[in-house]
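This briefing covers selected local features of the structure shown below. The points are grouped by topic.

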Amino acid sequence: MSNLALYGGKPVRAARLSYGHQYIDRDDIQAVTEVLKSDFLTCGPKVSELETALCSLTGAAHCTAVSNGTAALHVACLAAGIGPGDEVITTPITFAASSNAILYCGGTPVFADVDSKTYTINPETIERCVTERTKAIIAVDFTGAPCDYNGIRAVCEKHRLLLIEDAAHSIGTAYRGTPVGSIADLTTFSFHPVKTITAGEGGAVLTNDDTLAKRVELFARHGITRDPALLQAQGNSNWYYEQQMLGYNYRMTDIQCALALSQLKKLDRFAARRKELVRRYDEAFKEIPEVIVQTEVEGSDTVRHLYILRLKLDRLNCGRKEFYDAMQAENIGVNVHYIPVYWFPYYQSLGYRKGLCSNAEAYYESSMTLPLFYGMTDEDQDDVIRAVKKLVEYFRN
Ligand SMILES: Cc1ncc(COP(=O)(O)O)c(C=O)c1O
C-alpha cells in the first residue's frame with residue numbers, strides 16, 4: 001500500500017501548516033490600542049506618520065496611504081490619466097486587482113506573456129503588445145521579485161509610456177540597488193494579512209513625481225483639496241475646501257496605519273527570515289530534477305512574499321491537481337498563484353480567450369505555492385521539503 005496520506009498513509013505532519021500567516025506581536029497590539037484610546041480613529045497623525053515612514057523606507061518623495069492595494073492601483077491608474085480608449089499592458093499572472101484597476105477607469109487591459117523562468121512580464125513580451133493606444137504598463141513584482149526594470153524602462157521611454165509597479169508582493173525588495181517605491185513612476189503597496197507587512201487592510205501609492213502625487217492625493221480623498229496652492233477660488237477661511245474632480249473615499253484609518261507602522265519596524269527581521277527560508281528551499285530543491293524554482297532577474301535583492309514550486313510534469317506520472325491534493329493530505333497548505341486573469345468568466349465575457357499567453361498558461365498548469373511566512377520554523381519548513389520529496393519519489397516516472 002502507498003504511504004501517501006492521500007491514499008491512507010500517515011501524513012508528514014499532524015497539524016496543518018498554512019501557506020501564509022500574519023505575525024502580530026505585543027508591540028502591534030499596543031500600537032493599535034493606543035490609537036483606540038486616542039482622539040483620532042481616522043484622519044489623524046498616524047496616517048502621515050506611515051506615509052513619511054514609507055517614503056524613508058523606499059526613497060520615494062511622496063506617499064498616500066489608502067484603504068487597500070486595489071484602491072492604490074485604482075488611484076494610480078486615475079492619476080496616470082487612464083481612460084476609455086487607452087490600453088494598459090499588464091501580466092496575466094497576478095491577482096485580478098492589477099487589471100481590474102484598468103477596467104475601473106474604462107481602459108483596456110492588454111496581457112503580455114510572462115518569462116518562462118521569472119514568471120514576470122519582460123521587455124520583449126511587452127514590446128510585442130505596444131500599439132499607438134498604449135498609455136501605461138502595470139508591471140507586477142510577482143512573489144516579491146522585481147521585473148527587469150532596466151529593460152521595461154527602455155520600452156517606456158521609447159514609446160512614452162507611464163510605468164506603474166504593482167508592488168503588493170514586494171515591499172522591502174530592491175532592484176539594482178534602488179528600493180521598490182523609487183523605481184516606477186507610480187508604485188502601489190498592499191498590506192493584506194498574507195503580505196510581508198500587514199495593516200489588516202491597507203495600501204499606499206508612492207511616486208517621485210510632484211504632479212502625479214497631487215493627483216493621487218486628490219483621487220484618494222474625494223477629489224477634495226484644502227491646499228491653498230491648489231484652490232481655484234479664493235478661500236480666506238480655514239473651513240474652505242474645494243472638490244475639483246470626482247474622487248473616492250479611499251482613506252486608511254489611524255488604527256490600520258498604527259499597525260502598519262509597528263509592522264514596518266520589524267521589516268528587517270521579516271525580510272531576513274523570508275530570505276533565509278527561500279535559501280533553504282532553493283538549496284533543498286536544487287537536488288530534485290522533477291521540480292523547478294523561480295529564477296530572478298539580474299540585480300534583484302528580493303524579499304519573497306510567495307515561494308513557487310513548479311513541477312516538471314513530463315517526469316512525473318501525476319498531474320498538478322493530484323500533487324496538490326497529495327500535499328494537502330500531508331497537511332501542507334499549498335496554494336496556487338495565479339489562475340491567468342483572462343481565464344476568468346468575466347474576462348472571457350469581455351472577449352479575452354484562452355491560449356493568449358502560452359508561458360503564463362504553462363506556468364499555471366504546473367505551479368504550486370509552498371508555505372512561506374515569518375513565523376514558520378525550520379521544522380515546519382523541513383516538513384514541507386519532506387512532503388515534496390515523498391511525493392516526487394512516489395510519482396517519479
Ligand atoms: C499582485 C496584487 N495586486 C493587488 C492586490 C490587491 O491588494 P488588496 O488585497 O490589498 O486590495 C493583491 C492582493 O492580493 C495582489 O496580490
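**Strand pairing, a loop glycine and a helix contact**

Strand 1 and strand 9 (residues 203-207) pair in the antiparallel sense, with 5 bridges between them. The model is predicted.

**Strand 1**
- Strand 1 spans residues 62-66 and is mostly covered, with 4 of its 5 residues buried.

**Gly-85**
- The loop between helix 3 (69-79) and strand 2 (87-90) contains Gly-85.
- Leaving aside residues up to four places away in sequence, Gly-85 touches Gly-106 and Arg-133.
- From Gly-85 to Val-278 the separation is 193 residues in sequence and 42 Å in space, C-alpha to C-alpha.

**Helix 3 and helix 7**
- Two packed helices are described by the angle between their axes and the distance between the axes.
- The axes of helix 3 and helix 7 (residues 210-220) come within 9 Å of each other and cross at roughly 125°.
- Helix 3 is therefore oblique to helix 7, because the angle lies between the 115 degrees that ends the roughly perpendicular range and the 145 degrees above which helices count as roughly antiparallel.
- The crossing of helix 3 and helix 7 is right-handed.
- Helix 3 contributes Val-75, Leu-78 and Ala-79 to the contact, and helix 7 contributes Leu-212, Arg-215, Val-216, Phe-219 and Ala-220.
- By class, the residues of this contact comprise 7 nonpolar, no polar and 1 charged.

Technical notes:
Residues are numbered from 1 along each chain as its sequence is written. This is a predicted model: local features need pLDDT of at least 70, side-chain atom pairs count only at pLDDT 80 or more; totals for chains, interfaces and linings use all residues. Side-chain values use heavy atoms; hydrogens and water are left out. Buried means under 20% relative accessible area, exposed over 50%, partly exposed in between (1.4 Å probe, protein chains only). Helices (H or I, at least four residues) and strands (E, at least two) are DSSP runs, numbered from the N terminus. Two strands pair if DSSP finds at least two bridges between them. Contact means heavy atoms within 4.5 Å. Axes are lines fitted to C-alpha atoms, for helices over the stretch in contact, and angles run from 0 to 180 degrees between N-to-C directions. Angles under 35 degrees count as roughly parallel, over 145 as roughly antiparallel, 65 to 115 as roughly perpendicular and the rest as oblique. A crossing is left-handed if the near helix is turned anticlockwise from the far one by less than a right angle, and right-handed if clockwise. Ala, Val, Leu, Ile, Met, Phe, Trp, Tyr, Cys and Pro count as nonpolar, Asp, Glu, Lys and Arg as charged, and the others, Gly among them, as polar.
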